[in-house]
Amino acid sequence: MMLSENQIPSSLIDGDVLALAYKGIIKALQDIMPANGVYRYVPITPRPSEKQWRAFTSKFPVVGLGWDSWHSDKGGAGIFRGPLVFTVAIITDHRNPDHLYLGNGTQPGAFGVTAAALSVLNALTVPGVGTAYVRSASSSELAQYLDDGQGSVLLTVQFDNVALDLDRILPQLDTFKQLSNTFKDSSSGEKS
């Protein structure tokens, strides 16, 4: 049985512009740091437990992406509109701590992954969301969690003036009132 899109509002379930921005950042990063066995991509939870952090740092290099915030600019005339912010964490690992920043000639260090990420994320345009800019790039926030020879960069990526498309989303809100339905197949009478 095929359900209509109105019964399963996928654009609303996944977060609409939040999902578009998230997927756009990952795609841009994967264009330069492909997830082909070299780079590993994982979501960053807001407050990772030690177990989650160990899973995140189990294999390098790793790229993590997490949603940071979405604040209203207060001038939206009844529409929630404002900056949408994400955090990107990239961690590299070199056996020799001397390669921490500059890399080893084969794999980049913290400077290389920072330059690469900045080149694709700053001025990244995601249709339906807007244009991003990188507010900051830093190596200090994650330093306390890293071992010798591991380099990190934490980037803050922001899309300004982001809002939901309420004309498209509001009619879909009724589907959130229920989590599932049982249908009877008219030919067999069985529930599905």
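Q: How are helix 2 and helix 4 oriented to each other, roughly parallel or oblique?
A: In this predicted model, helix 2 (residues 17–32) and helix 4 (residues 110–121) have axes that come within 9 Å and cross at roughly 130°, and the two helices are therefore oblique to each other. Angles under 35 degrees count as roughly parallel, over 145 as roughly antiparallel, 65 to 115 as roughly perpendicular and the rest as oblique.

Q: And which residues make the contact?
A: Helix 2 contributes Ile25, Ala28, Leu29 and Ile32, while helix 4 contributes Ala116, Ala117, Val120 and Leu121, contact meaning heavy atoms within 4.5 Å.

Q: What about the largest nonpolar core, how many residues has it?
A: That core has 29 residues, and Ile25, Leu29 and Phe159 are among those with the most contacts inside it. A nonpolar core here is a set of buried Ala, Val, Leu, Ile, Met, Phe, Trp, Tyr and Cys residues joined through side-chain atoms within 4.5 Å, where buried means under 20% relative accessible area with a 1.4 Å probe, protein chains only.

Q: Changing topic, how much of the protein is buried?
A: Of its 192 residues, 39% count as buried.

Terms used: Residues are numbered from 1 along each chain as its sequence is written. This is a predicted model: local features need pLDDT of at least 70, side-chain atom pairs count only at pLDDT 80 or more; totals for chains, interfaces and linings use all residues. Side-chain values use heavy atoms; hydrogens and water are left out. Axes are lines fitted to C-alpha atoms, for helices over the stretch in contact, and angles run from 0 to 180 degrees between N-to-C directions. Helices (H or I, at least four residues) and strands (E, at least two) are DSSP runs, numbered from the N terminus. Buried means under 20% relative accessible area, exposed over 50%, partly exposed in between (1.4 Å probe, protein chains only).
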